[in-house]
Amino acid sequence: MPFVHELLNYRSVAVVGMEKNCGKTECLNYIIRRMPLDGRRVCVTSIGLDGERTDQVTRTPKPEIVLREGMFFSTSETHYRARRMVSELVDVSDETTALGRLITAKVVSEGKVILSGPSSTASLRRWMDGLSSGFGIDLTIIDGALSRKSSASPAVSDAMVLATGAALSSSLSTLVDLTAFCVGMIRLPLAETHPDTARSVTVSSMAPDVEICEDTERVDVTGALTDRLLARLTQDGGLDRYEVVVEDFTRIFVTPGQYRSFVRAGGRLRVRRRTVLLAVCVNPLAPNGYRLDSELLCARLSDKLQIPVYDIKRHEA
C-alpha cells in the first residue's frame, strides 16, 4: 500500500490505536514487512508495552511483533532477554523503566520481540535524538500505547498512522463518526505563530476561570483542553471574537457533543503544532466476535475522511 513508502519521507512515525484490539499491531507488522530497508536504518520501539502473545485485559490472543533482519529495535532489559531472535547489542541507555534499562539492538536474523520502550514522551524524545546522532537511524517507528496519544504528538513524531475498528463500536455509523471526530482534531488548522500578546489571554484546565475582554483575539490553553473548560468558554459567549489555541491534538480531551456546541456558538479551535496523518487502518472484527462489513466500512470512512483507509488483512488476502 502506498502509505508505507510515504513513511520514508519522515524521521519518525507513530502507529496509534483508538482502542484496544483495533488492529494497531497488525498495522505495525504490515509496515515492518513491507518497509524498504535497502540503504536505510529503521528502528522500532513502543511507548508502553506491545507484542505479548495474550492480551492482559481480555485474555484473547494477540499478534506478536516480528522484526526483520537489519532492523533496529529498543526494549527494556527484561524483554530483551526474552526475545526470540538473534540480535546484536548496540546500546545500553541511561534511560530506565520499571522493567530495567533501555536496550537498543540490531536484528541479525528475523524473530519476535516484546517491545517496552521509553515510558514518557520526554525520555522517548531523548532516546530518538540519541539514535539519530549516534547510530544514523533514518526512521523511527513508534508503537503507540492505549490511551497514550502523546506518542503521536508533533513534539515526538513527524507523522502518524491511525488504527480504528469494531472494538471501538459495533455500530458502523458510530464508528465512522468517532473516527471522523478524532481525525478532525488531528487536522485542526494551525494558529498564528506570533500572536498579538496584548490581545491574548492564557487559561489552564486546572483553573478554567478566565476574564475575556472585548478586544481578546486569542485564548491560549496550557495543558489539556477538557469538556469543562470548553463548556465554560461556550457558556460565557462571545466565541466569534476570538480563537482557542492548544499545543496539539494530543492535548484535546473533549467529547464530540461538547465540541459541536462550541462550534455552533461560533467557536474556533486551533493548534500550535500539527502532525501528518498518513493513513487510517481498520479492523472490522470486535473482540466478542462481531464483524462489520470490511468493504463498506472502508468505503464509508474513506468518503467521510477523504484519506486512504485500509483493512490490512483483507488487502493481503
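**Salt bridges and nonpolar cores**

D143 is buried, as is K24. In this predicted model, the side chains of these two residues, D143 and K24, form a salt bridge with an N to O distance of 3.1 Å. D143 belongs to strand β7 (residues 139-144) and K24 to helix α2 (residues 24-34), so the pair ties together parts that are 119 residues apart in sequence. The count of salt bridges comes to 15.

A further salt bridge joins D129 and R125, with the closest N and O atoms 3.2 Å apart. Both residues lie in helix α4 (residues 121-135), four residues apart, and are therefore separated by about one helical turn. An α-helix has 3.6 residues a turn, so residues three or four places apart point the same way. D129 is partly exposed, at 41% relative accessibility, and R125 is also partly exposed, at 27%.

R273 and E247 meet through their side chains in a salt bridge of 3.0 Å, N to O. This pair links distant parts of the chain, 26 residues apart: R273 is in the loop between β14 and β15, and E247 is in the loop between β12 (243-246) and β13. R273 has a relative accessible area of 34% and is partly exposed, whereas E247, at 18% relative accessibility, counts as buried because the cut-off for burial is under 20%. Through shared partners, salt bridges join R218, D220, E247, R272 and R273 into one network.

The loop between β14 and β15 also contains T275. T275 has a relative accessible area of 6% and is buried. Its side chain reaches the backbone oxygen of D158 at 3.4 Å. Contacts of T275 beyond four places in sequence are with A152, P154, S157, D158, A159, M160, I186 and F249.

The largest nonpolar core has 56 residues, of which Y259, L269 and V280 touch the most other members. Helix α5 (residues 172-186) supplies the largest share of this core, nine residues. Apart from this core lies another, of 34 residues, including F3, M85, V107 and L115. Beyond four places in sequence, L269 touches M185, L188, P189, L225, V244, V246, I252, Y259 and F262.

Helix α5 has 15 residues and spans 21 Å from its first C-alpha to its last, close to the 21 Å expected at 1.5 Å a residue. Its buried residues are L172, L175, V176, T179, A180, F181, C182, V183, M185 and I186. These buried residues pack against β8 (159-165), β13 (252-253), α7 (256-264), β14 (269-271), β15 (276-283) and α8 (294-305).

Terms used
Residues are numbered from 1 along each chain as its sequence is written. This is a predicted model: local features need pLDDT of at least 70, side-chain atom pairs count only at pLDDT 80 or more; totals for chains, interfaces and linings use all residues. Side-chain values use heavy atoms; hydrogens and water are left out. A nonpolar core is a set of buried Ala, Val, Leu, Ile, Met, Phe, Trp, Tyr and Cys residues joined through side-chain atoms within 4.5 Å. Buried means under 20% relative accessible area, exposed over 50%, partly exposed in between (1.4 Å probe, protein chains only). Helices (H or I, at least four residues) and strands (E, at least two) are DSSP runs, numbered from the N terminus. Contact means heavy atoms within 4.5 Å. The expected span of a helix is 1.5 Å times one less than its number of residues. A polar contact is a pair of N or O atoms within 3.5 Å; within protein, one must be able to donate a hydrogen and the other to accept it, and residues adjacent in sequence count only if both atoms are side-chain atoms. A salt bridge is a side-chain nitrogen of Lys or Arg within 4 Å of a carboxyl oxygen of Asp or Glu.
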